[in-house]
There are 2 protein chains.
Amino acid sequence: VKTPATAVLRLSTRQGRRKERTRGRLVDAARRVISRKGVETTTILDITEEADVGFGTFYNYFPSKEAILAATSSEAVEAHGSALDELTADLDDAAEVIAICLRHTVRTVDHDPIWAWFVVNAGIFTEQTEAGLGRRLTRDIRAGISRRRFAKPSNLPLLLHVIGAAVWAVMRERLRGKLGPKADQELAALVLRMLGVDGDEAREIASRPLPAVSAARGESR
Amino acid sequence: VKTPATAVLRLSTRQGRRKERTRGRLVDAARRVISRKGVETTTILDITEEADVGFGTFYNYFPSKEAILAATSSEAVEAHGSALDELTADLDDAAEVIAICLRHTVRTVDHDPIWAWFVVNAGIFTEQTEAGLGRRLTRDIRAGISRRRFAKPSNLPLLLHVIGAAVWAVMRERLRGKLGPKADQELAALVLRMLGVDGDEAREIASRPLPAVSAARGESR
């Protein structure tokens, strides 16, 4: 026998699922619009039209454009970062780990250009050097320094900004069709050189067969 | 005795000077506004208000925002680039030349922040890798390769994009007060490493006393 309490619970669960779906549509819409237009010129109306929800609905989920940008960025980055963590968990050499992560990130240009344009336009690599992918890169660089695989950098925050900007620039030029398909290897070799790995070895590590990554980055929710 | 022809000539010369002055005011105004606001959100009205000229006057000098941006960029870059050319004309070592040029460019943050914000916001380093400062950097890298001072890069356009993005990122973080006063040296050392110079030598070259640059970058016209 259904009690009123159960009915309310089921209703609220269904409502909860619907709210979750609407939120997901807004986040997906924000990712697509920002991929096309960049952050500065994207408006809340652009996002609600792309998501096919009413303009006012937006504010039931996010207080501002900055808030949905933050949510969209962190979801996009975390799924990608977790997949890379899983892929490289058993590797000992920090140089190999960093090369694989950089190369997979650049290669999203080929198999997921919406995600790639989003992270390029949203400034993920140039603004967030302490969170998300920047935090992971910091961890891997520190591991390489402590094992004397890398030279100790004279200024780690500066190095992180330089690497982030390098990834951003290479992905953007690839998205624009300007650099060739080996750009991922060439970028990885340059970064390993900056970390103190010898040029020939850097090139060898950066051109090894790339293990496949399994998890999606949440773009097809 | 003044002939009518001479009077016309003098008038037209005076008009010419006035036109030149108004154009210069528009270019200076564009540099200041873009320094503060970035390219995307700057409007022609912002520029004419900053220059204190009528809105319609703008179109006597430039057909579009893109046109004044191009003129402002090329004037800003050429004056800076010529000063660096002069400063390094007598130096033989391409590594030293590049270190000096990178360091002086980053140091504009301290002594000419309007110029620095302008070149950061206008995308000079990330868009113009084949003209202006990018052309000069290409020339110096090629000189170093031909003398076997640098390793031959596997992809020169990619390397130029990475260096350009690195300069952009370091200047922006300096402008935001985030990196210390030795950022110019640290950036130069990283770039020399990417070019194949050994780590210790790169650091030594990047920390030499920096010769003073004389010419202004046209900001005080």
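## Salt bridges

A salt bridge is a side-chain nitrogen of Lys or Arg within 4 Å of a carboxyl oxygen of Asp or Glu. By that criterion, the whole structure has 40 salt bridges over all chains. Between chain B and chain A the count is four.

One salt bridge pairs the side chains of B:Glu127 and A:Arg176 (3.0 Å, N to O). B:Glu127 belongs to helix H6 (residues 124-127) of chain B, while A:Arg176 sits in the loop between helix H9 (156-175) and helix H10 (183-194) of chain A, so the pair joins two chains. The side chains of A:Glu127 and B:Arg176 also form a salt bridge, at 3.0 Å from N to O.

## Basis of the model

The model is predicted: local features need pLDDT of at least 70, side-chain atom pairs count only at pLDDT 80 or more, and totals for chains, interfaces and linings use all residues. Residues are numbered from 1 along each chain as its sequence is written, chains are lettered from A and ligands numbered from 1 in the order in which they are written, and side-chain values use heavy atoms, with hydrogens and water left out.

## Chain A

Chain A contains 11 helices and zero strands, where helices (H or I, at least four residues) and strands (E, at least two) are DSSP runs numbered from the N terminus. Its C-alpha trace spans about 70 × 45 × 30 Å along the principal axes.

## Packing of H4 and H8

In chain A, helix H4 (residues 65-88) packs on helix H8 (residues 132-146) at an angle of about 25°, and the axes are 9 Å apart. The axes are lines fitted to C-alpha atoms, for helices over the stretch in contact, with angles from 0 to 180 degrees between N-to-C directions. H4(A) is therefore roughly parallel to H8(A) (angles under 35 degrees; over 145 is roughly antiparallel, 65 to 115 roughly perpendicular and the rest oblique).

Contact means heavy atoms within 4.5 Å. H4(A) contributes A:Val77, A:Glu78, A:His80, A:Gly81, A:Ser82 and A:Asp85, and H8(A) contributes A:Gly132, A:Leu133, A:Arg135, A:Arg136 and A:Arg139.

## Symmetry and interface

Chain B can be superposed on chain A with an RMSD of 0.0 Å by a turn of 180° and a shift of 0.0 Å along the axis. This is the relation of a two-fold axis. The superposition is by least squares on the C-alpha atoms of residues with pLDDT of at least 70 in both copies. Within chain B, B:Ala165 comes closest to the rotation axis, at 2.7 Å (C-alpha).

In the interface, 29 residues of chain B are in contact with 29 residues of chain A. 100% of the interface residues of chain B are also interface residues in chain A, so the copies meet through the same surface. The buried area is about 2500 Å², with 64% from carbon and sulfur atoms; this is the accessible area (1.4 Å probe) that two parts lose on being put together, summed over both.
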